[in-house]
Amino acid sequence: MSPEISSLSNGLTVVTDSMPGLESAAVGVWVNTGTRNETPPQMGISHMLEHMAFKGTLRRSARQIAEEIEAVGGILNAYTSREQTAFHARVLKNDVPVALDIIADILTRPTFEPGELERERQVVLQELGQARDTPDDIIFDHLQNAMFQDQPMGWSILGEDATVSAFSADMLRDYMTTNYRAGGMTLVASGAVEHGAMVRLAEDLFGELTSGAIPPPPAARYTGGEFRQDTDLEQAHLAFALPGLANADPDFFIGQVYATALGGGTSSRLFQEAREKRGLCYSIYAFANGFQDSGFLGIYAGTGEKEAGEIAAVVAGEMQAIAGNLTEAEVSRARAQIKVSLLMGLERPGTRSEQIACQLFALGRLQSPAEIVAQLDSIDAAQVRRYAAGVMQSVPAMAAIGPVARLESHARFAGRFSGAALPSAAE
């Protein structure tokens, strides 16, 4: 069955995605607001608001929220990204009204009680400390900042100690009033759901949402750059990036096939060359992330102090080579990996709900699995090679943490791009 879409009078979009045979449902509200909507004093406030949403409303205490969802065996959670914040639940079909009532409550009647705010502030500060102690996690924050310098798109989702320490209840209310408007929110339910019933529930529960659109965030500007922290760790954690494609770009899936062929699995170029042939690292992979108006190609490698001196040249060399000699067999494997990941994800109601919300925000419409598969099947090696050649004309960003003194400079790494001859071997 195809998803059904309705809009309430206040602008809230309601989507249902019925999955016959299921006894449960995934329901949630996605808000088209994240880190990139923040100002400097608000750095991290989207994430703090996500935490505080569960800390009490005019109708429920924090404990009552937890007990009520677990009394029906449900799971209630949330997450913050650079572009969206989501509040979602998984319950049995008869308990969908309970889950939606709780989600509506935390989105329309939060109290931001001072004692709860202070306790949760300490939790988030601990989360910041934990992230800094996890180099293979925090490296991607540094990479994001190197790509998008001096702008919200480059900021950490968690914020900084100084901003988190300064958040007040009034700041949270003001941010929510500005950025949590029905015109920028989508309610999605997948699984054992019926459209008419969901629309009626939404009208009853979410009518108090402020109507209107969310103010657009500043446009993302890829800059390129470097972050480097030479510190005493067992491994060097290295991340590289180059400009990529927005979610709505016509060539978006060409970029996905390219990233998969480059470093998406054990048969990929980077895994075979860097790990299997040279033994330079335990972990190496590539990925392509899209945003609403930008994107990037990312590469991560965890390697030793000595090997860090070789890895950048290998990465650039494989990127150059793939632009000249990528084969149809490699493209076929990459397409298969992406299709399997997509289609397996559609077996899970939560994944389906998230994909629907993200497609509506990024594209303004839904893409069927058949449409995506057709786009993937139309991609050939020549298209991916042309895309790869364009990547080689870009200015890279890089981030490094650990024993990285031997890692080549950003200037030297950048010199391997910007019009380098294609193809060539790694140095």
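In what order do the 5 strands of the open sheet with β7 stand? The order is β7-β11-β8-β10-β9, and the pairing is mixed. The structure is a predicted model, in which local features need pLDDT of at least 70, side-chain atom pairs count only at pLDDT 80 or more, and totals for chains, interfaces and linings use all residues. Residues are numbered from 1 along each chain as its sequence is written, and side-chain values use heavy atoms, with hydrogens and water left out. Helices (H or I, at least four residues) and strands (E, at least two) are DSSP runs, numbered from the N terminus. Two strands are said to pair if DSSP finds at least two bridges between them.

At the edges of this sheet stand β7 (225–230) and β9 (281–290); each has a single partner strand, so one side of each is left without a neighbour in the sheet. On average, neighbouring strands of the sheet are turned by 10° against each other, direction ignored. Here and below, axes are lines fitted to C-alpha atoms, for helices over the stretch in contact, and angles run from 0 to 180 degrees between N-to-C directions. Within the sheet, strand β8 (residues 236–243) and strand β10 (residues 295–303) run antiparallel and are joined by 8 bridges. Pro 243 has Phe 296 in β10 as its bridge partner.

A helix accompanies this sheet. Helix α9 lies across β9 and β10 and runs at about 180° to β9. Contact in this account means heavy atoms within 4.5 Å. Two packed helices are described by the angle between their axes and the distance between the axes. For α9 (residues 252–263) and helix α11 (residues 308–325), the axes come within 11 Å and cross at roughly 125°. That angle makes α9 oblique to α11; angles under 35 degrees count as roughly parallel, over 145 as roughly antiparallel, 65 to 115 as roughly perpendicular and the rest as oblique. The crossing of α9 and α11 is right-handed. A crossing has this hand if the near helix is turned clockwise from the far one by less than a right angle, and is left-handed if anticlockwise. Tyr 258, Ala 261 and Leu 262 are the residues of α9 that meet Glu 318, Met 319 and Ile 322 of α11. By class, the residues of this contact are 5 nonpolar, no polar and 1 charged. Ala, Val, Leu, Ile, Met, Phe, Trp, Tyr, Cys and Pro count as nonpolar, Asp, Glu, Lys and Arg as charged, and the others, Gly among them, as polar.

Another open sheet has 6 strands, in the order β1-β2-β6-β3-β5-β4, and its pairing is mixed. Its edge strands are β1 and β4 (75–80), each of which pairs on one side only. Neighbouring strands of this sheet are turned by 15° against each other on average, direction ignored. Strands of a sheet pair through backbone hydrogen bonds, either parallel or antiparallel. Strand β2 (residues 13–18) takes part in both kinds of pairing: β2 is antiparallel to strand β1 (residues 4–7), with 4 bridges joining them, and parallel to strand β6 (residues 185–191), over 6 bridges. On the β6 side, the bridge partner of Thr 13 is Thr 186. The hairpin of β1 and β2 has 5 residues between the strands, and Gly 11 in this hairpin takes a positive phi near 105°. Strand β2 is mostly covered, with 5 of its 6 residues buried. Buried means under 20% relative accessible area, exposed over 50%, and partly exposed in between (1.4 Å probe, protein chains only).

A further helix pair is formed by α2 (residues 62–71) and α3, which pack at an angle of about 160° with their axes 10 Å apart. The two helices are therefore roughly antiparallel to each other, and their crossing is left-handed. Ile 65, Glu 68 and Ile 69 of α2 make the contact with Val 98, Ala 99, Ile 102 and Ile 106 of α3. This contact of α2 with α3 comprises 6 nonpolar, no polar and 1 charged residues.

Two loop residues complete the account. Phe 112, in the loop between α3 (96–108) and α4 (114–132), has a positive phi of about 50° although it is not a glycine. Asp 150, in the loop between α5 (135–147) and α6 (161–166), is likewise not a glycine and has a positive phi of about 60°. Phe 112 counts as buried because its relative accessibility is 3%, whereas Asp 150, at 74%, counts as exposed.
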